[in-house]
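Here are my notes, in numbered points. Please read them with the model open.

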Amino acid sequence: MRQQYKNILIITAGIVAALLVIGGIAWKVYDVSLQGTDASHRLCSKLFNDKNPVQLDAARQYGIVPPETRAEALVMTSQLVKIEDTQYYKVDRLTHSIPYLTKGGSSLLEMIAKNFAEQLQESQIAPYRLIVTSLLRTREDVHRLREVNVNASKNSPHCYATTFDITYARFDAPQTNSIYRKASKGELKRVLMEVVRGLQLEEKCYVKYEQKQQCFHITTRMQ
């Protein structure tokens, strides 16, 4: 009977925590036990729901003129920042994009990654790196992507070099032994959510939670 009562209290606390987060009252109270569940996806979908038209407006305001081809994009790299692996994030193998962002996009990515690293350290978690899965796309890239993914947007903010995707399903584990503890994917996802949510509330970015692609689709609002 005592165990049953304890279980009820745990479930109730989780529900209250989720409601507080949805109301924007206490993001830090988010219950880790919801990770990987339908409840987690519903919560993320509600918090991170900046749809394509909103992100596209910001991309047009802060981004470049969309290049048609890879060759054209490479000519424009003098006004862009090349995105390469750092101690805070890793660039995934890119199939439908190339590793460039605007200065504002690059600054936002660096901010997210550093904030993530700092929060891990504060929680005494080993220094996992974020994984960036998509960056600048040309019109040609978008056309090719739509051939294999019918849900891909024809008018993509990625074409303006202001937008990038960070996966919440994979994290790059430390290559050397750390004095800090390992963490589950669910716990790492929670930390990433907190970081992204904070910057979203500061109006530094727009964010869409992509459940099928398992990523945060992020557009900078920084020049």
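1. Start with Cys205. This residue is buried, at a relative accessible area of 1%. The model is a predicted one, and that applies to every point below. Cys159 is buried too, with a relative accessible area of 0%.

2. Helix 7 is mostly covered, with 14 of its 17 residues buried. Just after the helix, check Glu203: its phi is positive, about 60 degrees.

3. Now the largest nonpolar core. It holds 38 residues, and Ile112, Phe164, Leu192 and Ile218 touch the most other members. Several elements supply at least two residues each, among them helix 2 (38–47), helix 5 (103–122), strand 4 (130–134) and strand 5 (163–167). Strand 6 (205–210) and strand 7 (215–220) also each supply at least two. Helix 7 gives the most, seven residues. Apart from this core lies another, of eight residues, including Ala73, Met76, Leu80 and Tyr100.

4. Strand 7 is mostly covered: six of its six residues are buried. Cys215, His217 and Thr219 point one way from the strand. Phe216, Ile218 and Thr220 point the other way. Both sets are buried.

5. How do the neighbouring strands run against strand 7, parallel or antiparallel? Strand 5 runs antiparallel to strand 7, joined by five bridges. Strand 6 also pairs with strand 7 in the antiparallel sense, over six bridges. Thr167 stands opposite Cys215, and Glu210 has Cys215 as its bridge partner.

6. Last, the turn. Strand 6 and strand 7 form a hairpin, with four residues between them. Gln214 in that turn has a positive phi of about 55 degrees. Please inspect this residue together with Glu203, where phi is also positive.

Definitions and conventions. Residues numbered from 1 in each chain as written. Predicted model: local features only at pLDDT ≥ 70, side-chain atom pairs only at ≥ 80, totals over all residues. Heavy atoms only, no water. Buried < 20%, exposed > 50% of the residue type's maximum accessible area, 1.4 Å probe, protein only. Core = buried A, V, L, I, M, F, W, Y, C linked by side-chain atoms within 4.5 Å. Pairing = 2+ DSSP bridges.
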